[in-house]
Amino acid sequence: MNNNKFYFFLTFWVIAISGNPAINVLGKEFVLILSVTLFIIIWAVRPNKLTSEDKVIVGTFVLLVALHAIIFGTLVVSASLGFLIKLVIALLSIRLIPEFSRRYVSVIYLLSIISLVFFIPLSFGVNMQELMAEMRLPVNDHFHIGIYNLREEFDGSIRNMGMFWEPGAFAGYLILALFFLIRDRNYHTVLSTKGLVIIVTLLSTQSTTGYVAFMVLVILYSFEANWMRSRFGKWILIPLFPIVFISFSLVIFSQASFLSEKITNQIKSASYREDASRINRFGNFLYDVEWIAERPIIGWSANPETRASSNPEVLDLVAGQGNGLTGFTVRFGLIGLILFLGLFANNTRRIAGARIAAFGGGVVCILLTGEQFLNFPIFLTLMFLPHGIETLSRSHSTSQIITVSP
């Protein structure tokens, strides 16, 4: 196996353990231990120096975990170690896989093609479950064949979830691929076959948060792409773009029930403080804020059982909750949240400039309100700056490439 295929496999594996339920057939703990062992062995064979920033990040979370252990005792040890293992996998993924973001996009492109092979027949009424019955893996609540999740209709419609646990999860990883293309200045790829396949796949997920995040990326791309900096772009396209974009967005939101209707109903349910609202993104936010207010600095630990004594329903609720932004804050406090968002924004600014960092922060926050992505290594990689990456320092009239040393 040559290096390129090996690194492609490693990238695929990190994505797979970040949301493919079929992987859990082997056992969650076994998969995590196997994965971190694999990365540590590779690191030992091909050592790559850690930066001082890496040590601060890991050290801060180790300190938070230690404080949780002092406060809550052995109850939190297992879950806390699980999180630290995921953090180490995220760090070593960035340190050991050259051009991680490029390989990530390539893997997502391949997964998009595979998903459409299954999704298109499903959309035309083909009974794929019957055809694939002998390939089904023993995964609870899923009809999974390893490379695709043939779960029953989701929210009353057929939606593309790829190999992930639900369509919103797939949408989040697709959005991240598109963001990497923009961040790394691969504007031509966004409108190439690769980019268009990813975009079509994103649309097939019918994910509310995915669509909203995509609209933000469309705005970012439009103002970053070279053709918008031409004289025609500045005088014609830029004034025209807001009108066209807003009109198009209003039509989409009004016609797509999973956007306007779903968001309106969730806000209404959350405002009335209905019990069922605690697992939608808005009600979940209000529910989590109450826990954050009690332990705002260091949080409640990675184990939700630390809150069970105050609310016996918490374990059932956490299993169904999807707001990863407040959920991460509940677990690791404002220290953990600020560290994650601050480092992501700073790394993106160093790579691509302040505007892309600001939009990127908005996109990541939107995605996290819909899914618990920070329970997995892929989104945790956003805290770490790749070695030797080229960053673009732009003035009003000139561009200059700067190489960041390890």
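Student: What does the chain average in pLDDT?

Tutor: This is a predicted model, and its chain averages a pLDDT of 82, with 77% of the residues scoring at least 70.

Student: Now to the helices: what does helix α15 span between its end C-alpha atoms, and what would a straight helix of 29 residues span?

Tutor: The idea is to set the span of a helix against that of a straight one. At 1.5 Å a residue, a straight helix of 29 residues would span 42 Å, whereas α15 (residues 324-352) spans only 25 Å between its end C-alpha atoms. The model also has a kink of about 125° in α15, centred on F332. After α15 comes G353, with a positive phi near 105°.

Student: How should I read two helices that pack together, and at what angle do α9 and α10 pack?

Tutor: Two packed helices are described by the angle between their axes and by the distance between those axes. Helix α9 (residues 193-205) packs with helix α10 (residues 208-224) at an angle of about 140°, their axes being 8 Å apart, and the two are therefore oblique to each other. The crossing in which α9 passes α10 is left-handed. The contact is formed by I199, L202 and L203 from α9 together with G210, Y211 and F214 from α10.

Student: At what angle does helix α5 pack with α9, and which residues meet?

Tutor: Helix α5 (residues 100-123) and α9 pack at about 50°, with axes 9 Å apart, which makes α5 oblique to α9. This crossing of α5 past α9 is left-handed. Among the residues that meet are V105, Y109 and L116 in α5, and T193, V197 and T201 in α9.

Student: Is α1 oblique or roughly perpendicular to α5?

Tutor: Helix α1 (residues 3-16) and α5 pack at an angle of about 70°, with their axes 9 Å apart, so α1 is roughly perpendicular to α5. The residues making this contact include Y7, F8 and F12 of α1, and F100, Y104 and L111 of α5.

Notes
Residues numbered from 1 in each chain as written. Predicted model: local features only at pLDDT ≥ 70, side-chain atom pairs only at ≥ 80, totals over all residues. Heavy atoms only, no water. pLDDT = per-residue confidence, 0-100. Helix = DSSP H or I, 4+ residues; strand = E, 2+ residues; numbered from the N terminus. Expected span 1.5 Å × (residues − 1). Bend = angle between axes of the 7 residues up to and from the residue. Axes fitted to C-alpha atoms, helices over the stretch in contact; angles between N-to-C directions. Parallel < 35°, antiparallel > 145°, perpendicular 65-115°, else oblique. Left-handed = near helix turned anticlockwise from the far one by under 90°. Contact = heavy atoms within 4.5 Å.
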